[in-house]
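Hi,

Here is the structure I said I would pass on.

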Amino acid sequence: MKLGQLLKISVDTLKKAGIEAPITDSQLLIAYTLKIPRWKLITEKNIEISDEKVSKVLNLINLRSKGIPVAYITKRKEFFGIKFYVDKRVLIPRPETEILVEKVLEKLKDRDRKIVGLDIGVGSGAISIALLKNISNLFMYGVDISEDALKVAKINAKLKFVNDRLKLLKSNLFSNLEKNIKFDFIVSNPPYISREDYINLKIEVKMEPKVALLSGKKGLAFYERIISISPKYLKNNGFVAVEIGYNQGKDVKNLFIENKFKNIEIYKDLNGIDRVVIGYK
Ligand SMILES: C[S@@+](CC[C@H](N)C(=O)[O-])C[C@H]1O[C@@H](n2cnc3c(N)ncnc32)[C@H](O)[C@@H]1O
């Protein structure tokens, strides 16, 4: 079968299954199977694909039409220009979270002494590893309640050669941290979906770990705990940076105010939606 034909069958199958981005997803899965860059699919429509490869592609398209996210099928996801290993044990890193990394990097630039940070809900390790790859004098602690997630973070830390600067720890938020440890900053993309919003999530998002998404009735439970406990674990003038959901800017800013943080700022994502809040002790 010719490549162009395989692409058409794939796109039609995904369209029929109601998949949101049938063309992109087909291209990603075909490029992955054929081990060629995605742009080549456009220029090489007439190359002949072996029956074996065709059936491999169609198997993957079948998985995708059942709602399994592309990243779980290919076991990879790019975040902040870095290729991460992912599987169903972790949340797939989102482009919105790149804003959080960008803002933390801005706050940390030009510091030449050793910096120590804490990432609460480290998941795949995306945030910590993106920060470590960009700041050589940084040491991170990454905590997660999920042992499975920590295993994936460990794989990524090794793959990206930062395992000597990322200490991974099973912990319910701060519970297993050394008693008197103090951080220069605390970063977190915690679970923040309310019970009501969870019901309406797309089927593919529901394939991600529930523990990575759901956060109490209003989605604010993790912010309440993180922001109120953080001051105890922050050095003077240390900061907390959190990612937030589309309608949580005001509530989360108020939590920072109630806990006596200073210079609190809300940053928007590329769609103009409140996405990150940062406050200083
Ligand atoms: C939204 S995901 C973020 C993952 C990753 N940091 C990212 O941005 O892609 C939230 C993470 O918090 C973890 N988590 C949930 N409850 C927790 C708790 N009580 N203590 C520590 N981590 C928790 C989940 O297992 C999950 O990995």
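Let's begin with helix α2 (residues 22–34) and helix α4 (residues 51–65), which pack with their axes 10 Å apart and at an angle of about 140°. Keep in mind as you read that this is a predicted model. Angles over 145 degrees would count as roughly antiparallel, and α2 and α4 are therefore oblique to each other. Their crossing is right-handed. On the α2 side, the contact is made by Asp25, Ser26, Leu29, Ile30, Thr33 and Leu34. These meet Lys53, Lys56, Val57, Leu60, Ile61 and Arg64 in α4. By class, the residues of this contact are six nonpolar, two polar and four charged.

Helix α4 has another partner, α1. The axes of α1 and α4 come within 10 Å and cross at roughly 15°. That makes α1 roughly parallel to α4, and the crossing of this pair is right-handed. Which residues of α1 meet α4? They are Leu6, Ser10, Thr13 and Leu14, and they face Val54, Val57, Ile61, Arg64 and Ser65 in α4. Five nonpolar, three polar and one charged residue make up the contact of α1 with α4. If you compare the two lists for α4, you will find Val57, Ile61 and Arg64 in the contact with α2 and also in the contact with α1.

While you are at α1, look for Lys16, which is found in this helix (residues 3–16). Is Lys16 buried or exposed? It counts as exposed, because it has 10 C-beta neighbours inside 10 Å and the cut-off for exposed is 12 or fewer. Lys16 and Asn59 are 43 residues apart along the chain, and their C-alpha atoms are separated by 16 Å.

Further along, helix α6 (residues 97–108) goes with α7. The axes of these two come within 10 Å and cross at roughly 40°. An angle has to be under 35 degrees to count as roughly parallel, and α6 and α7 are therefore oblique to each other. α6 passes α7 in a right-handed crossing. From α6, the residues in the contact are Thr97, Leu100, Val101, Val104 and Leu105. Their counterparts in α7 are Ala126, Ile127, Ala130, Leu131 and Asn134. This contact of α6 with α7 has eight nonpolar and two polar residues, and no charged ones.

Now for the ligand. There are 22 residues around it, and Gly121, Gly123, Ile145, Asn189 and Ala212 come nearest. The shell around the ligand divides into 14 nonpolar residues, seven polar and one charged.

Gly245 is buried, because 22 other C-beta atoms lie within 10 Å and the cut-off for buried is 20 or more. Leaving aside residues up to four places away in sequence, Gly245 touches Tyr192, Ile193 and Gly219. Have a look at Arg275 as well: Gly245 and Arg275 are 30 residues apart in sequence, but 6.5 Å apart in space, C-alpha to C-alpha.

Let me know how you get on with it.

Cheers

Key: Residues numbered from 1 in each chain as written. Predicted model: local features only at pLDDT ≥ 70, side-chain atom pairs only at ≥ 80, totals over all residues. Near = placed C-beta within 6 Å. Nonpolar A, V, L, I, M, F, W, Y, C, P; charged D, E, K, R; others polar. Contact = placed C-beta atoms within 7 Å. Axes fitted to C-alpha atoms, helices over the stretch in contact; angles between N-to-C directions. Helix = DSSP H or I, 4+ residues; strand = E, 2+ residues; numbered from the N terminus. Parallel < 35°, antiparallel > 145°, perpendicular 65-115°, else oblique. Left-handed = near helix turned anticlockwise from the far one by under 90°.
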